[in-house]
Amino acid sequence: MAEEEKNSDAVLIAAYRSGNQRALEELFERYRRPLYAYFNRMTGGDTMAADDMFQEVWVKVLRYLPNYRESGRFSAWLFQIAANQFRTAYRRRRNWLKFFTPAGDEEATPETADDAAPVWHEMDENGRRRKLEQALEQLPPEQREVFHWRQNDLSFKEIAEIQKCPLNTALGRMNLAMKSLRRCCHDDM
Amino acid sequence: MMTCEQTREIVTRLPDTEANTAAVREHLQRCPACRALADFTRQALELPPVVTGTPGLGPILLRAAARRKRRLVWRVAALALVGVVAASAWGIGMRQQRPAESSAELVLAWDGIESKLVELEAAIDADMTAWKQQMAIN
């Protein structure tokens, strides 16, 4: 699957480099959803910030694609740009908030599930999806990121490279994320 | 024999039971809590996020074009600035060199004038001598 994806991406990139604009549209169509979902999740549903970061990533892709060297999967390269974009924006936002937020207000404590809310195995797909998104918002950004990249079939090695951390840290973050998500989703399976 | 802690570490990254080792599968068969975590992880990873609408490629291409134009303007401005600085440096250098050159020119010019004066004096002397000789003959 990963090899197939890599090959077809490489074909599209080569076609785009030789002037085929349609290939770019196809590449965009292939990755727009996971990429936008990443920003949407990481910004906690702030669509304006997500839109801006999403566009910025594609502007960078258009700039660097002619010189792109195929050393791994295109998706990993693209998600790396996205993660860098988010980190830059997040750092700026955090610095900005430091001035205007009283100490102690910045970090929200993860909430556990409401006892009256329906449990995970009783929910339909939409209900689960909503619950999962709410639970993801409670996670620290690094854990949220690992979960998102895992959902998009990135290997832990690729995730560790994106997060610039050792492999074991990425694995540990996934472990913590799943434990917190399960607690938040009121899963009593 | 695997412990719950070891199994949970594995199933959160590899929730697909079939893909796990025999030891993990065996533990999952007899431990409902670990099995529940594996099931939950698999279900959560399979739930695609909700994406209602994303910006299209059109505005992105426009943004990229504007960015390219801005980069070009900056590049031209930088080149122009480098040109101005180089021209100024050259001008300053020339100005500093100018007095030395002028004095050299003056020396050369003076030397020229002096030799001309000597020549002129010799010519006048020759003329005077010739004139005196003429007068004496007459």
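Mentor: Let's start with a term: buried means under 20% relative accessible area, exposed over 50%, and partly exposed in between, using a 1.4 Å probe and protein chains only. This is a predicted model, where local features need pLDDT of at least 70, side-chain atom pairs count only at pLDDT 80 or more, and totals for chains, interfaces and linings use all residues. Residues are numbered from 1 along each chain as its sequence is written, chains are lettered from A and ligands numbered from 1 in the order in which they are written, and side-chain values use heavy atoms, with hydrogens and water left out.

Trainee: Why is A:S180 called buried?

Mentor: A:S180 has 14% relative accessibility, so A:S180 counts as buried, given that the cut-off is under 20%.

Trainee: Where does A:S180 lie, and what is A:S180 in contact with?

Mentor: A:S180 sits in helix α8 of chain A; helices (H or I, at least four residues) and strands (E, at least two) are DSSP runs, numbered from the N terminus. Contact means heavy atoms within 4.5 Å. Leaving aside neighbours within four places in sequence, A:S180 touches A:L139 and A:Q143. A:L139 is 41 residues away from A:S180 in sequence, yet 7.5 Å away in space, C-alpha to C-alpha.

Trainee: How do you know what span is expected of α8(A)?

Mentor: The expected span is 1.5 Å times one less than the number of residues. With 18 residues (167-184), α8(A) reaches 26 Å from its first C-alpha to its last, close to the 26 Å expected.

Trainee: What do the buried residues of α8(A) pack against?

Mentor: Those residues, including A:L171, A:M174 and A:L181, pack against α5, α6 (141-151) and α7 (156-163) of chain A, together with α1 and α3 of chain B.

Trainee: What makes A:E133 buried rather than exposed?

Mentor: A:E133 is at 19% relative accessibility, so it counts as buried. A:E133 lies in helix α5 (residues 125-137) of chain A. Leaving aside neighbours within four places in sequence, A:E133 is in contact with A:R41, B:P49 and B:V50.

Trainee: What does chain B look like overall?

Mentor: Chain B has four helices and zero strands. Of its 138 residues, 18% count as buried.

Trainee: Why is the pair B:E5 and A:K179 called a salt bridge?

Mentor: A salt bridge is a side-chain nitrogen of Lys or Arg within 4 Å of a carboxyl oxygen of Asp or Glu. The closest N and O atoms of B:E5 and A:K179 are 3.6 Å apart, so the pair meets that cut-off. The count between chain B and chain A is four salt bridges.
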